Every structure is written in C-alpha cells, then in structure tokens.
Amino acid sequence: MKTLILGANGQIAQWVVADSTDTDFVLTSKHASDGVMALDAADSKALIAAMQGVDVVYANLNDGGRTPRIARTIVHAMHETGVKRLIWIATIGIYDEISAANKDLVRLQLGTIHDENAYMGQQVMAAQIIEASDVNYTIIRPNELTTEPEIHPVIFQRDHEELRAGGPITRRSVAAYVRELIADPTLDVRASVAISE
C-alpha cells in the first residue's frame, strides 16, 4: 500500500507516519522539510506526477482561501491517474452540526458555513467538491484538537444531521483512525465522519 500524504508536516500526519510499520509513504508539503518534499497541492501537473503508483491520497491541509481550489485539483489529479481512495481532513461543523450553545463561539473563531471567505465556508466548499466527485472519499471531521500523545476511545458520528457529541480529541487519536482507513480501503467509503472523544 502506497500513500501520498499532502500536508505531511502537520501534526496528525506526523503521527500517522510515526505509528505505521507497513505502509509506504510519499511525504509532501507546501514547504519541504527533512524527508518531506515540497509540493503545492494546487499545482495540477505536480500533483499528477506525485500520484503515480499511489493507492491512497491522504490530504491533511489548511491552506486558507485555496482549500476549495486544492480539493478540485486533487479530484482532477485522481481522475487523471486512476487513484480512487481519498482521505480528507476537514473540521467539525461543516454541516452546521454544532449545538446552539456552541454555535456563537464556533462562528467567532471559524466563521459561518455560508461565508465563502471564512475558514468554515472554505471547508464546506471543499467538502462539497469532494462529495460531488466519484472518488472513494472519507471526510474526517475532528472535534477540537489537543496535543496529548495518547490514543483515546473515539465517538464516531456518520449522520450529518446529528449534533456533535463528545469532547476534544487528540491528534494521535485522529491519526489512528486515518491509519485504519489506509489499511482498509472499504472502511467508511463515501462517508463524512465526525470524531470526538
């Protein structure tokens, strides 16, 4: 199994790699670092080249106002190369599945789902592009992220309408779920999954 990681310098991606023993990774990020090659995920030609021979694309990106463009470029590159499996990290709240008590705080921090210039609006548009495609995606919507190094029990919510349950989740717990998705190409295919602790 060969997995292309877009955004390999991110903390979740680093845990995915650190805790994996039997996966071949191609590590890329917008900025190169030790063992990670530079790749702009909005560059279609570069992305197509990076996807050669890949089984899974795992996108762990936070690129401001370019997120929808990057989602569109990834889907296009997957069509061009025949790669079918996409794991995409989004955020909780893209379906407005936040309780009334927490909505004001989320809107203050991330903007609204209807504001195309806000972080939340960008996440919504990217998810819509992916969901309208024919790739075998899994969109992960983690709750608030923490940096503790533990893996904790996780609440999985697959219904878009279900209000967020549980609390903040460690990045390492999210990484454990990503590893499950990489290992099992049939798990949560064409699903958007909220995860919390």
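Author: Let's start with Arg-179 and Asp-19, whose side chains meet in a salt bridge at 3.5 Å, N to O. Here a salt bridge is a side-chain nitrogen of Lys or Arg within 4 Å of a carboxyl oxygen of Asp or Glu. This pair links distant parts of the chain, 160 residues apart: Arg-179 belongs to helix H6 (residues 171–183), while Asp-19 sits in the loop between helix H1 (11–18) and strand S2 (24–29). Helices (H or I, at least four residues) and strands (E, at least two) are DSSP runs, numbered from the N terminus. Asp-19 is partly exposed, at 24% relative accessible area; buried means under 20%, exposed over 50%, and partly exposed in between (1.4 Å probe, protein chains only). Arg-172 joins in too, as Asp-19, Arg-172 and Arg-179 are linked in a network of salt bridges.

Please keep in mind that this is a predicted model: local features need pLDDT of at least 70, side-chain atom pairs count only at pLDDT 80 or more, and totals for chains, interfaces and linings use all residues. Residues are numbered from 1 along each chain as its sequence is written, and side-chain values use heavy atoms, leaving out hydrogens and water.

By the rule above, the count comes to seven salt bridges. Another of them joins Glu-97 to Arg-141, with the closest N and O atoms 2.5 Å apart. Glu-97 lies in the loop between S5 and helix H4 (100–110) and Arg-141 in strand S6 (residues 136–142), so this pair ties together parts 44 residues apart in sequence. Both Glu-97 and Arg-141 are buried.
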